[in-house]
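Keep the viewer open as you read.

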Amino acid sequence: MVGNVPVGGGAPITVQSMTTTKTADVDGTLAQIYALAAAGADIVRCTCNDTDAAEGLAHIVPRSPVPIVADIHHQYRMALAALEAGVHCLRLNPGNIRRPEHIKAVAEASRDRGVPIRIGVNGGSLDPELYERYGGQVTAAAMVESARREMALFREVGFDDVKISVKASNVALMIEAYRLMADDPFFVDDEGRSVPLHLGVTEAGPLPGGLVKATAGIATLLAEGIGDTIRFSLTADPVEEARAGRVLLESMGLRERKGLDLIACPSCGRAEVDVIEVAEKAQSALSDLGLPIQVAVMGCVVNGPGEAREADLGIAAGRRRGHLFVKGQVVRVVPEDQMVDALVEWAHIIADDGVEAALARADESAAVEAEADRQALLEEKGEDANAAGTRVEIIRQI
Ligand code: SF4
């Protein structure tokens with residue numbers, strides 16, 4: 001348990017993020033923690049790098065909406081100070097605090113308070129001795145060995161309330177390290193419970209590359225059943241990290257959808273409207289409403305409603321009109337400039353009354369009108385709206 005949030009043991013996968021404020025700035029840090037929680041973070045980490053930060057934590061922890069993890073760097077005394085401040089978890093980097101007596105002192109204090117510790121191995125700050133022993137390079141085995149050493153010291157003082165991360169900025173290395181961890185019986189307790197794993201690609205970088213790297217590493221492992229809690233380490237507003245984590249878990253079916261899932265076709269030569277513009281407008285109009293529904297924006301009525309028939313709600317463009325559909329059934333035909341407004345109105349109907357009630361409110365003539373538009377477009381443009389067949393004919397004659 002990190003505060004009141006379970007991690008591991010079959011609990012839902014959780015999203016973590018980290019504040020970028022000075023922890024001594026209590027109000028600024030709390031404002032960011034609230035923003036992260038609203039964006040989907042279940043647990044938030046704050047740095048505890050000096051006494052001012054530890055004092056800040058004493059004020060932050062009781063007012064935070066989510067459990068707080070203190071990030072400890074080189075001074076083990078800051079871990080003791082963070083515990084005194086009431087944090088719900090510590091994060092220790094074995095590469096930074098290396099004296100066994102210091103590590104054991106922190107583990108003992110955590111044990112006595114019932115506070116868990118994350119052993120946060122980082123490929124970039126591996127213990128130099130291990131680095132040398134593994135051939136002067138960061139390897140997955142060296143990272144796992146670092147976690148084993150720390151865990152062994154914890155066990156010496158009867159403490160095993162830990163989760164572990166073995167992060168690297170290299171996605172392939174990170175995946176290999178976590179797979180090794182997951183297979184290592186050293187990290188299974190006497191009752192057969194595995195140590196929970198905290199997944200992340202460290203220093204993934206700015207968007208969009210950082211998002212792709214973090215997703216590649218985290219999603220690969222989650223798909224293999226490895227991982228209990230995740231963090232996207234992006235060089236961006238941490239709210240983006242929390243959002244990304246939440247979207248990943250929801251899209252993999254690992255967490256219940258909390259907000260909007262907007263799907264949209266990529267557009268093509270058949271599109272009857274600027275799909276990107278309509279999708280962006282729909283996203284901004286709907287995302288703050290906090291409605292847990294899937295909404296589709298499709299560029300044409302010929303293929304759109306069929307391809308998005310599983311969406312709760314959608315709209316497809318055709319002949320300067322929008323065909324609004326609920327679970328694939330057309331319920332309204334609206335002018336093109338009212339497409340987004342219609343989506344918002346019907347999103348509320350579905351959220352308030354459910355899909356069946358929304359379907360019961362369908363315009364009787366809507367399906368007929370929609371089919372007429374569809375047939376007219378097919379006659380006008382044919383099946384081959386991208387003109388690929390015509391182009392191929394011309395190419396063959398060159
Ligand atoms: S065929 Fe229609 S729905 Fe499919 S990508 Fe093209 S515009 Fe979008």
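This is a predicted model: local features need pLDDT of at least 70, side-chain atom pairs count only at pLDDT 80 or more; totals for chains, interfaces and linings use all residues.

## Starting from a loop

Let's begin with valine 188, which sits in the loop between helix H7 (171-183) and S7. Leaving aside residues up to four places away in sequence, valine 188 touches Arg193 and Ser194. For a sense of distance, phenylalanine 232 is 44 residues away from valine 188 in sequence and 26 Å away in space, C-alpha to C-alpha.

## The overall picture

Zooming out, the protein has 15 helices and 13 strands, and its C-alpha trace spans about 80 × 55 × 40 Å along the principal axes. Of the 398 residues, 44% are buried. If you take contacts between residues at least 6 apart in sequence, 66% of them join residues at least 24 apart.

The chain is divided into domain 1 (14-251) and domain 2 (261-381). Taken over C-alpha atoms, the centres of domain 1 and domain 2 are 43 Å apart.

Helix H1 covers residues 26-39, 14 residues in total, and its end-to-end C-alpha distance of 20 Å is close to the 20 Å expected at 1.5 Å a residue. Its buried residues are Thr29, Gln32, Ile33, Leu36 and Ala39. Looking down the axis of H1, these fall within an arc of 125 degrees, so they line one face of the helix. The general rule behind such patterns is that an α-helix has 3.6 residues a turn, so residues three or four places apart point the same way.

What do the buried residues of H1 pack against? The partners are strand S1 (14-18), strand S2 (43-47), helix H2 (51-60) and helix H9 (238-251). Just past the end of H1, glycine 40 has a positive phi of about 125 degrees.

As background, most residues other than glycine have a negative phi, and most peptide bonds are trans. The loop between strand S7 (198-199) and helix H8 (209-223) holds proline 208, and the peptide bond joining leucine 207 to proline 208 is cis, with omega about -5 degrees.

Glutamate 203 lies in the loop between S7 and H8 too. It isn't a glycine, yet its phi is positive, about 50 degrees. Glutamate 203 counts as partly exposed because it has 17 C-beta neighbours inside 10 Å.

## Around the ligand

Which residues surround the ligand? The shell consists of Cys265, Pro266, Ser267, Cys268, Arg270, Ala271, Met298, Gly299, Cys300, Asn303, Gly304 and Glu307. By type, that shell divides into six nonpolar, four polar and two charged residues.

With 17 other C-beta atoms within 10 Å, serine 267 is partly exposed.

H10 has 12 residues and reaches 16 Å from first C-alpha to last, close to the 16 Å expected at 1.5 Å a residue. Val275, Val278, Ala279, Ala282 and Leu286 are its buried residues. Viewed down the axis of H10, they stay within an arc of 100 degrees, so they line one face of the helix. Glu277 and Ser284 are exposed on the other side of H10. The cover over the buried residues of H10 includes strand S9 (261-264), S10 and H12.

Now turn to H12 (residues 339-353), with 15 residues and a reach of 21 Å, close to the 21 Å expected at 1.5 Å a residue. Met339, Val340, Leu343, Trp346, Ala347 and Ile350 are its buried residues. These cover an arc of only 130 degrees around the axis, which puts them on the same side of H12. They pack against helix H10 (275-286), strand S10 (294-298), strand S11 (313-318), strand S12 (321-326), strand S13 (329-335) and helix H13 (355-360). On the face of H12 turned away from the buried side, you'll find the exposed residues Asp352 and Asp353. Just after H12, glycine 354 takes a positive phi of about 95 degrees.

Key:
Residues are numbered from 1 along each chain as its sequence is written. Helices (H or I, at least four residues) and strands (E, at least two) are DSSP runs, numbered from the N terminus. The expected span of a helix is 1.5 Å times one less than its number of residues. A residue is buried if 20 or more other C-beta atoms lie within 10 Å of its own, exposed if 12 or fewer, and partly exposed in between; C-beta atoms are placed from the backbone. The arc is that of the directions from the helix axis to the C-beta atoms. Two residues are in contact if their C-beta atoms, placed from the backbone, lie within 7 Å. A residue is near a molecule or strand if its C-beta atom, placed from the backbone, lies within 6 Å of it. Ala, Val, Leu, Ile, Met, Phe, Trp, Tyr, Cys and Pro count as nonpolar, Asp, Glu, Lys and Arg as charged, and the others, Gly among them, as polar. Domain bounds come from an automatic or database domain assignment.
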